[in-house]
Amino acid sequence: MAGDPVPGGGDRRGARLTQHVGGEGYGGTMRTLGNVLWLLLAGWWLALLYVIAGVAACILIVTIPFGIAAFRLANFVLWPFGRRTVFRHDVGVVTIVGNIVWVLVLGWELAVAHLVAGLLLCLTVVGIPLGIACWKMVPLAFLPLGQQIVPADRHPYAAAAGRRA
């Protein structure tokens, strides 16, 4: 019956609600639906552009780190909801210079692709949230080196806060 006590306190309604909200319930389903829509409407061709950029970057031995970063971001662009990127603050000058070179060579094309895809997605009501998400990925096209992909619910400074406590 609804309202019956369950082990550990609370009632059955609260236990079900906690499982539903905290687990893979509604949030996980919506994330999956968003990812499937994203994949069909924009994700596959944006990821393909990142893979092409990664292959082009891997032609020279010196630019292989650019290729690895592009492949990592292709994975993120393919299935973005439920994950996010954080810029690592422990990167050095080489990463900053590498990002500048990236912008001049391949980054601006990928940024334009994100802007155009976001504009096209915003032409429909269903696509507006996807278009906004696409525009939020423009900085990734400019700064691929030093980016770390983490789960969306993970706070970027949680590990540092745990060490200080």
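Close-up 1: To pair, rings of Phe, Tyr and Trp (its six-membered ring) need centres within 6.5 Å; planes under 30 degrees apart count as stacked, over 60 as edge-to-face and the rest as tilted. Helices (H or I, at least four residues) and strands (E, at least two) are DSSP runs, numbered from the N terminus.

Close-up 2: The structure holds two aromatic pairs, and Trp-38 with Phe-81 is an edge-to-face one: 6.3 Å centre to centre, 90 degrees between the planes. Trp-38 sits in helix α2, while Phe-81 is in the loop between α3 and β1 (83–87), 43 residues apart. Trp-38 is buried, with a relative accessible area of 0%, but Phe-81 counts as partly exposed at 26%.

**Close-up 3: the largest nonpolar core.** Here's a set of 26 residues, in which Trp-38, Leu-46 and Tyr-50 touch the most other members. Such a core is made of buried Ala, Val, Leu, Ile, Met, Phe, Trp, Tyr and Cys residues joined through side-chain atoms within 4.5 Å. The most come from α3, which gives seven.

**Close-up 4: who touches Tyr-50?** Leaving aside neighbours within four places in sequence, Tyr-50 is in contact (heavy atoms within 4.5 Å) with Ala-70, Leu-73, Ala-74, Val-77, Leu-110, His-114, Met-137, Leu-140 and Ala-141.

Close-up 5: Leu-130, Gly-131, Ala-133 and Cys-134 are the buried residues of α5. Seen down the helix axis, they fall within an arc of 160 degrees, so they line one face of α5; the arc is that of the directions from the axis to the C-beta atoms. The face turned away from this buried side carries the exposed residues Pro-129 and Lys-136.

**Notes.** Residues are numbered from 1 along each chain as its sequence is written, and side-chain values use heavy atoms, leaving out hydrogens and water. As the model is predicted, local features need pLDDT of at least 70 and side-chain atom pairs count only at pLDDT 80 or more, while totals for chains, interfaces and linings use all residues.

Conventions:
Buried means under 20% relative accessible area, exposed over 50%, partly exposed in between (1.4 Å probe, protein chains only).
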